[in-house]
Amino acid sequence: MMEALFERARSDHRAAFVPYVMAGDPDIKTTEAILRELTALGVAAIELGIPYGDPLADGPTIAQAAQRALAGGTTASEVLALVHRHKMNAGAPIVLFTYYNPIYQYGLERFAADAATAGTSGVIVPDIPLEEGAEVARVLGLHGIDMPLLVAPSTTRERAAKIASQSTGFIYVVSRLGVTGAGTTPATQRAREQVAMLRSITDKPLAVGFGVSTAEHVREVASFADGIIIGSALIDAYAGTRGNEAASRVRAFMEPLLGAASRRTETPIP
Amino acid sequence: MQRPDARGYFGEFGGRFVPEVLIDALEALEREVDAAFAEPAFWDEYHAVLRDFVGRPSPLYAAERFAPQLILKREDTNHTGAHKINNTVGQALLARRMGKKRLIAETGAGQHGVATATVGAKFGFPVDVYMGALDVERQAPNVYLMNLLGAKVHAVHSGTRTLKDATNEAFRVWAAEVDETFYVIGSVVGAHPYPFMVREFQKVIGIESRRQCLERYGRLPSDVIACVGGGSNAMGIFAGFVDDPQVRLWGVEAAGEGLESGKTAAALGAGSVGVLHGSRSYLLQTTNGQVSDTHSISAGLDYPGIGPEHAFLKETGRAQYVGVTDAQALEAFFDFARFEGIVPALESAHALAFARELAKKARPDDLILVNLSGRGDKDIAHVRASVERQ
C-alpha cells in the first residue's frame with residue numbers, strides 16, 4: 001500500500017512529495033486540471049481535501065479554500081467521482097483529507113467502499129485521534145485503504161508509540177503547535193527531534209507537514225524525513241485562478257520545491 | 001448522577017474528537033479535574049467565591065402572577081446577571097492550579113465572555129475572547145463591558161461569523177498556544193472532560209434549588225424546566241433532580257421560526273447525530289455533514305449543537321425536550337416583565353413560555369420550577385428593534 005511509495009522515493013534518493021489541494025476550490029474542473037499537472041510533475045501522492053465548513057485543524061488559507069469549494073456546492077460524492085476519473089487516467093495516488101462529520105453522515109461503511117472503488121489509497125481524518133480511530137481504521141482497512149495518524153509536538157513518547165503502531169501507510173508528523181498555514185515558519189528543529197524520536201520506535205515512513213512553504217524548508221525537511229506535505233502555500237499560489245491558469249501556477253510553484261526534495265548532491269547523469 | 005465513562009461518553013454521546021495537538025492538554029485537564037474535585041479545599045474555595053463574589057445562594061421565588069404554581073431559581077441575581085459565572089469561577093480556579101498564564105473563551109451574545117473577563121480581572125489573568133464578527137456588531141455593549149474588564153475581544157470573520165465560528169477559532173488559538181493557555185468553554189459542550197466539568201460547576205444550581213424546595217414546600221418540584229442552547233444552565237439544574245425519578249425534566253430549545261422552518265436552533269428537535277466541537281451529539285446539519293446555519297431571536301441559544309449529556313438524557317427518556325418559537329418567547333418576555341417586575345433574558349423567556357403552557361394542565365399539588373438563567377437587560381435594545389420592525 002502507501003508504504004511502497006515512500007520506499008520508491010527513498011531508492012530514488014528523494015523525500016516523497018505530497019502536495020495538498022482542496023477539492024472543488026474554486027470548482028471541480030480546476031481541481032482536475034491541478035491533479036493532472038501534479039501527476040505529470042511526478043509527485044509521490046496527492047492529499048485531496050474534502051471541504052468542511054468548520055475545520056478545527058486548519059488555518060485561514062485552507063478554511064477559505066473549503067468555503068470556496070462549498071460555495072460551489074462540492075460534496076463528498078463529487079470528490080469521490082473526481083478521484084475515480086483521476087485514477088482511470090493513471091493519476092498519482094490519492095490520500096483524502098476529511099473531517100469526521102462528512103464521513104459520518106455519508107456512512108462510514110459506504111464511504112470506505114466508495115472510496116476504495118474510486119481508487120483511494122489513504123484517508124486522513126484530523127479530528128479523529130487514536131482513541132476514536134479504531135473503528136474507522138478497521139473499516140477503511142477492510143477496503144484496503146490506509147489511515148495515517150498524526151503525531152503532534154505535544155504528543156508524548158509513550159503515546160507516539162501507540163499511534164505509530166496503529167498508523168497505516170505513513171505517520172503524519174505535525175511540525176508545530178497550532179493549525180495548518182504558511183504564515184509562520186515550521187518548527188523544523190522540533191520536527192527533527194520528533195522524527196528522531198519516532199525512528200527509535202517505528203520503521204514506518206514519516207512525513208512532515210504544517211507550515212512547510214519554501215524550497216529551503218523542503219530541503220531541510222528532506223534531509224531527515226521520508227516525506228513532505230505542503231498545502232497552504234500551494235493553495236495560495238493558485239488562489240483566485242481557474243482551470244489551466246491554476247494548473248500552470250501550480251507547476252511554477254512546485255518545480256523548485258520538487259528539486260529541493262532530492263537528496264542527491266551531484267547532478268545525475270542522464 | 002452519572003459520570004461519563006473513561007473515554008468521556010454518556011452512553012453513545014461525548015468522546016474526544018479533536019486534533020492530536022490538543023490531546024495532551026485535555027488529558028492534563030482531566031487529571032487536574034480528578035485531583036481538584038477530590039479535594040474538599042478546592043470546593044471550599046469555589047463556594048466561598050460564589051458566596052462573596054457571585055452572591056450565592058441565589059433566591060427561590062414564587063412567580064404566581066405569571067403562572068400558577070410557578071417557582072423560579074433566580075440565577076439572574078448572580079453577579080454579571082446570569083448562571084455563566086458559576087462555571088468561569090470554577091475554571092479560573094483550575095487554571096490557577098495548573099499554573100496557566102492566560103484565559104481564552106468563545107462567546108456568542110457576550111455573556112460567557114463577560115463572565116470570563118470578570119474572573120480574569122478577579123484572579124489576575126489576561127483574557128482573550130473570540131466572538132463572531134456579526135455578534136461583535138450586534139452586541140456592542142457587551143464588547144465594551146469586556147474591554148472595561150480588561151479583556152481583549154477578537155472579532156472572528158470566518159464562516160457564519162457567529163458563535164460556532166468563534167468556537168472554532170478559540171480551539172485553533174488553543175492549539176497554537178496550548179502550553180500556557182487555559183480554554184474556558186462556556187457550556188456543557190466540547191471534548192471530554194469539558195461537558196462533565198462544566199456540569200459539575202453548574203450543579204450548584206440544582207443542589208441549591210432542591211434544598212430550597214424541600215425547606216420551603218416540604219416536597220420536590222413536579223417539573224423542572226430550563227432553556228437549552230449548549231445546555232449548561234439546564235444540566236446545572238437537572239443535576240439536582242436527575243436521581244429523583246418522580247421529577248419530570250424539561251429542556252426547552254429555541255425553535256426560532258418553527259422546528260420545520262429551516263430557521264431554528266433546536267438541535268434535538270430538528271437535528272441528527274453528528275460530531276461538532278469535539279463531541280458526538282445532536283446537531284443541525286445538512287445531509288452532506290455540513291453544519292447548518294441556525295436562527296434564534298436569542299443569541300445565547302443560537303448554536304447548532306447541544307451538550308452530549310442532553311443527547312443522552314433524551315435517548316434514555318429521562319428528560320424531554322420541546323421547542324419554543326421566537327414569537328412565543330417574546331410574548332413571555334413582555335408578560336413576565338409586566339406581571340412579575342423581572343425582565344428575563346430572552347433565553348430564559350423560552351423556558352417561561354413553556355412553563356406557562358405546562359401550568360395550564362398542572363394538578364393542584366404540582367410545583368413547576370424554572371431556572372431563570374439570566375436577566376434581560378442585555379436584550380432590551382434587541383427586543384425593541386425586533387418589535388419596531390414588525
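A:Pro26 sits in the loop between β1 (16-22) and α2 (28-40) of chain A, where helices (H or I, at least four residues) and strands (E, at least two) are DSSP runs numbered from the N terminus. The peptide bond that joins A:Asp25 to A:Pro26 is cis, with omega about -5 degrees. Before going on, note that this is a predicted model, in which local features need pLDDT of at least 70, side-chain atom pairs count only at pLDDT 80 or more, and totals for chains, interfaces and linings use all residues. Residues are numbered from 1 along each chain as its sequence is written, chains are lettered from A and ligands numbered from 1 in the order in which they are written, and side-chain values use heavy atoms, with hydrogens and water left out.

Chain B has a cis bond to look at too. It runs from B:Arg56 to B:Pro57, with omega near 0 degrees. You'll find B:Pro57 in the loop between α2 and β3 (60-62) of chain B.

Now for a few histidines. A:His13 has a phi near 60 degrees, a positive value in a residue other than glycine. Look for A:His13 in the loop between α1 (3-11) and β1 of chain A.

B:His277 is in the loop between β11 (272-276) and β12 (279-283) of chain B. With a relative accessible area of 4%, B:His277 is buried. Then there's B:His310, in helix α11 (residues 308-316) of chain B. B:His310 has a relative accessible area of 0%, so it counts as buried. What does B:His310 touch? Leaving aside residues up to four places away in sequence, its partners include B:Val188, B:Val228, B:Met235, B:Phe238 and B:Tyr321, with contact meaning heavy atoms within 4.5 Å.

Where they touch, domain 1 of chain B gives 34 residues and domain 2 of chain B gives 34 residues. The area buried between the two domains of chain B is about 2,700 Å², with carbon and sulfur atoms giving 65% of it. Here buried area is the accessible area (1.4 Å probe) that two parts lose on being put together, summed over both. In domain 1 of chain B, the residues that lose the most area to domain 2 are B:Phe10, B:Phe13 and B:Val188, together 24% of what that side buries.

How many salt bridges are there between domain 1 and domain 2 of chain B? The count is zero, taking a salt bridge as a side-chain nitrogen of Lys or Arg within 4 Å of a carboxyl oxygen of Asp or Glu. As for the elements on the domain 1 side, α7(B) gives the most to the part that touches domain 2 of chain B, with five residues.

Finally, turn to where the two chains meet. Chain A brings 34 residues to the contact and chain B brings 36 residues. Between them the chains bury about 2,700 Å², 51% of it on carbon and sulfur atoms. On the chain A side, A:Asp54, A:Leu56 and A:Glu132 lose the most area to chain B, together 24% of what that side buries. The rule finds four salt bridges across the interface of chain A and chain B. Among the elements that give two or more residues to the chain A side are α3 (60-71), α7 (130-142) and α8 (157-166) of chain A. The largest share of that side, five residues, comes from α5(A).

How values were computed: Buried means under 20% relative accessible area, exposed over 50%, partly exposed in between (1.4 Å probe, protein chains only).
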